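Look at the model first, then read on.

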Amino acid sequence: MKETARLLIVAGGTGGHISPGLALAEEAVARKAEVLFLSIPRNRGYAGFAGMPFTVEFYDAPALKKDIRMVLRFPFDFFRALKQASAVIRHFQPTAVIALGGYPSLPAAAAAILAKKPLFLCEQNAVAGKVTRMLKRFAAMTFLTFGEEDASSMLTGNPVRIKLRKRAAPYLKKKRTLRAHPTVLALGGSQGAAQLNEMLMRLWVEYPELAMRLNWIVQAGASLADELQKRVDFLLQAPLRKRIAVFGFDADIFRHFEKADICFSRAGAGNITEAVLFRLPMILLPYPFAADNHQRANAEVAVRSGAALLIDRKDTDPRELAEALEKLMQKSEYKKMTERAGQLAQPEAAGRILDEVILRSNP
Ligand SMILES: CC(=O)N[C@H]1[C@@H](OP(=O)(O)OP(=O)(O)OC[C@H]2O[C@@H](n3ccc(=O)[nH]c3=O)[C@H](O)[C@@H]2O)O[C@H](CO)[C@@H](O)[C@@H]1O
């Protein structure tokens with residue numbers, strides 16, 4: 001990369017958008033580019049911003065909600081954010097603007113188009129979000145985590161932070177074999193998932209023999225972990241209790257990936273991207289109310305690749321989970337799925353995206 005590359009990276013909202021944005025920013029700084037990261041005030045306290053080697057600024061991108069007052073105010077709020085983003089662009093003079101999707105990207109992407117700066121989009125999900133659909137035709141390129149490439153999009157995978165790539169590298173290199181007491185890592189996503197917690201609780205109660213053949217690490221969500229722990233303590237016998245570790249949220253989630261043999265999780269793009277980097281076969285329980293049912297579409301990609309089994313239900317019946325676990329505990333099935341998970345991994349996503357951005361924006 002030439003010294004003059006100046007990248008404006010726009011990401012806000014949940015970790016699922018910000019984290020790949022940070023991965024791109026880190027990679028760009030490692031290549032000696034100048035980076036300005038633009039987010040929204042709600043994310044001011046986001047832990048991942050601490051100690052980053054680039055400036056983070058905030059602007060007031062309005063949310064696209066179905067509330068009548070917000071809809072009426074939207075044009076004014078959007079225009080204010082557009083002016084703020086235009087000022088940032090005038091001042092920083094980026095050679096390219098990379099938007100990570102979601103409403104926090106929209107005014108800055110519009111400002112980039114008006115200022116005739118090359119715009120690049122990253123879409124994390126198998127069903128493109130509203131903002132990606134709106135902006136795609138104006139973008140120099142759209143980078144996809146999942147799905148089919150076309151003339152205006154490239155399948156690169158979802159960028160992951162350098163630290164995670166380093167920690168996952170040994171797992172991606174070596175073959176996994178099924179251990180005598182495999183560890184299931186259950187992930188509810190950044191907020192936790194009550195349905196997933198309850199399905200596990202029922203499995204432990206209704207299938208105690210199966211439960212005793214496994215160890216369990218459960219990321220239950222910050223607001224849900226205490227309740228799950230209380231029920232574990234109250235309802236389960238000591239030998240099974242000892243096999244279960246529950247926590248709410250851990251900024252260092254990767255140490256749990258390092259201990260796991262099987263991943264049972266929601267089908268967020270981040271969860272899937274990270275699990276396959278550790279070659280973990282997955283049992284996916286998509287969040288049924290996600291926009292355009294995108295978690296189901298994400299899960300289907302992993303299932304078609306042979307890296308995951310799907311549980312598509314809104315209730316907490318644990319029968320399919322028990323069946324999926326039994327299937328994964330067959331050595332040949334486990335081996336096949338862990339290999340397929342490794343094939344889905346895209347550890348070089350950030351590098352590939354930056355190569356393309358630099359090439360097409362030609363600083
Ligand atoms: C409910 C919903 O609509 N969720 C969406 C949201 O998910 P969300 O923002 O929750 O992000 P993902 O599910 O993609 O990833 C969760 C992230 O949280 C991290 N983590 C999780 C638990 C923990 O204890 N510590 C920790 O650091 C994981 O490492 C991962 O990076 O944005 C994603 C990207 O657009 C979408 O694919 C998801 O469908």
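## After the first helix

Just after helix H1, Lys-32 takes a positive phi of about 70°. Helices here are DSSP runs of H or I with at least four residues, strands are runs of E with at least two, and both are numbered from the N terminus.

This is a predicted model, where local features need pLDDT of at least 70, side-chain atom pairs count only at pLDDT 80 or more, and totals for chains, interfaces and linings use all residues. Residues are numbered from 1 along each chain as its sequence is written, and side-chain values use heavy atoms, with hydrogens and water left out.

## Helix H1

H1 covers residues 15-30, 16 residues in total. From first C-alpha to last, H1 reaches 22 Å, close to the 22 Å expected at 1.5 Å a residue. That expected span is 1.5 Å times one less than the number of residues.

Several H1 residues are buried, among them Ile-18, Leu-22 and Ala-25. Buried means under 20% relative accessible area (1.4 Å probe, protein chains only). Their cover includes strand S1 (6-10), strand S2 (34-39) and helix H5 (162-173).

## The ligand

H1, helix H11 (269-277) and helix H12 (294-304) each supply at least two residues of the shell around the ligand. H11 gives the largest share, four residues.

The side chain of Thr-14 has an N or O atom 2.7 Å from a ligand oxygen. In Gln-295, a polar side-chain atom lies 2.8 Å from an oxygen atom of the ligand. For Asp-250, a backbone N or O atom sits 2.8 Å from a ligand nitrogen.

How values were computed:
Buried < 20%, exposed > 50% of the residue type's maximum accessible area, 1.4 Å probe, protein only. Contact = heavy atoms within 4.5 Å. Polar contact = N/O pair within 3.5 Å; in protein donor to acceptor, adjacent residues only side chain to side chain.
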